[in-house]
Amino acid sequence: MEANVLINLAYVVAATLFVFGIKMLGSADTARRGNLVSGLGMLFAVVVTLVDRSILSYTWILAGLVLGSAIGLVAARLVKMTAMPELVALFNGFGGLASLLVAWAEFEKIRGMGWAAYELAMESNAIFSGFVIYLAMFIGGVTFTGSLFAYGKLSGKLSGTAIVFKGQKAFNLLLCVAILGIGIVFTWGSDLELTYKLFLTGMGLSLLFGVMGVMPIGGGDMPVVISLLNSLSGMAASAAGFVISNNVLIVAGCLVGASGLILTVIMCKAMNRSLGNVLFSGFGASSSSGGAEDDREPKAISVEDAFYVLEAASSVVFIPGYGMAVAQAQHVVKELAELLEENGTEANFAIHPVAGRMPGHMNVLLAEADVEYEKLLEMDTVNPMMPTVDVAIVIGANDVVNPAATDDESSPIYGMPIIEAHQAKTVFVLKRGQGKGFSGLVNKLFVMENTRMIYGDAKSTISSLVNELKSSS
Amino acid sequence: MDLVLLFFIFVLAAFLGLELISKVPSQLHTPLMSGSNAISGITIVGALLATGAEEQGSMGMILGFVALVFATINVVGGYVVTDRMLQMFKKKGK
């Protein structure tokens, strides 16, 4: 009893450290220390748990900790910065899986001793225990397969486009009803063999649901999905906390769940869409998604001509998008920006909150390329100064600079805040080919009078510009 | 433990979590996500209890062990990767 009180007090300390950690992560100056503080909380929680008197053997615990740490450490150390989004998605999925397994392990305990004995031993309520076990299994399962699927999309192992088929919504609804129905029977069922079968079926369906849920979501909506899955992994841990009546799991999981939800809302706002719309609309799957037609042809420009314009420019803004990540062009872009600055040109970067495939994706890439933080401007800062900018260089971004969002009410992205590249005196759009953006929309920016397209791989285009600049100076 | 008390804790933690993050600069979105993702690995505590407290070789212990491995990857990997990211940001502006 004494030990238990001490352990719970220690958990309070750990939870407090998590609170401070998250708080500090929200501000640039304290972020790194915040991560350390929260890591300290985690270490504390783990160490304290090890002295719990219900632990009989340490052999396997040690093996598990060593194995997991080794894998986690190697993965986190070796991963390229550009592969960061998918790694975070993968870790997130592992957390969900762990919560599912914790709930399952508790259910195995019940299977071993029977509900009645379990109720007595744990001073718990059988219906409540059944409910939270099922809940933790469900959220954990959805988080696991959903994150794995997102990992596949982010790493390019699976196609990034939304996959939509006929009757998909009906199927998903049916899946929901089935999971819910099985859950109800499971919660109130007392026959152990039957509930075991129900549990396994429910688990299979939950895992399927995770995949089905992420499937109809297009690549450009990934930032929302990733932050939602992040929130879910916290909720799964919290549910697992209810399963084993553990305070620190409930609190820490809930903190993550709530802050993840805030991030999800921020992402949705940046696209001017509701969460429901992102999750269920299958946005980007159909190419005939409306918007006014425009038969003007985009005008191309050669790299040499682009160079002369850049050389004469006094201010340049780069607007990176997912295309820059794909082309791995961040280092040459930074080089170009430096050369322009030496040439007396002011060079900045305009970052849209949902550019790329995860929240803050562009910031990570440009930070990796050593671009100064002060040069990364947010949308609200950069838009008012756009009319005075000589050249806006759009690198593999599309929907986040589509002026249809501001002036074409029939466009599906109408109302989404954009970086107003079209206000600049000249716009260069670096694009691989003449295809459409992920949303399948024709981008009006590309056909505007002041826009010139530079087709080809962004990295080689920028490299040639860099070479031109170098040879001229 | 008292169920109502657990719920009480849950609700308070939810409000705390919602209040904690109000306006985050977009530069920090990725580290915030990956850092809080590491915290969600707190389920490692449940995995430790399941691995250590169950009978050797029982199904519950095996599940606990697998959970422990995955939760540890989540925790260790999550913190290290977040630190790497923030280290990159830190160099700026100095």
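Predicted model: local features only at pLDDT ≥ 70, side-chain atom pairs only at ≥ 80, totals over all residues.
1. Residues are numbered from 1 along each chain as its sequence is written, chains are lettered from A and ligands numbered from 1 in the order in which they are written, and side-chain values use heavy atoms, with hydrogens and water left out.

2. The axes of α7 (residues 168-188) and α8 (residues 192-214) of chain A come within 9 Å and cross at roughly 155°. Axes are lines fitted to C-alpha atoms, for helices over the stretch in contact, with angles from 0 to 180 degrees between N-to-C directions. α7(A) and α8(A) are therefore roughly antiparallel (over 145 degrees; under 35 is roughly parallel, 65 to 115 roughly perpendicular, the rest oblique). The crossing is left-handed, meaning that the near helix is turned anticlockwise from the far one by less than a right angle.

3. Now α9 (residues 222-243) and α10 (residues 247-270) of chain A: their axes come within 7 Å and cross at roughly 160°. So α9(A) is roughly antiparallel to α10(A), and their crossing is left-handed. The contact of α9(A) with α10(A) divides into 15 nonpolar, 10 polar and no charged residues.

4. Chain B has four helices and zero strands (DSSP runs numbered from the N terminus: helices are H or I, at least four residues; strands are E, at least two). Its radius of gyration is 18 Å, well over the 12 Å that the globule rule gives for 94 residues, so chain B is more spread out than a compact globule. The radius is taken over C-alpha atoms, and the rule is 2.2 Å times the number of residues to the power 0.38. The C-alpha trace of chain B spans about 55 × 30 × 15 Å along its principal axes.

5. Even so, buried residues make up 68% of the 94 residues in chain B (buried is under 20% relative accessible area, exposed over 50%, partly exposed in between, with a 1.4 Å probe and protein chains only).

Methods. Nonpolar A, V, L, I, M, F, W, Y, C, P; charged D, E, K, R; others polar.
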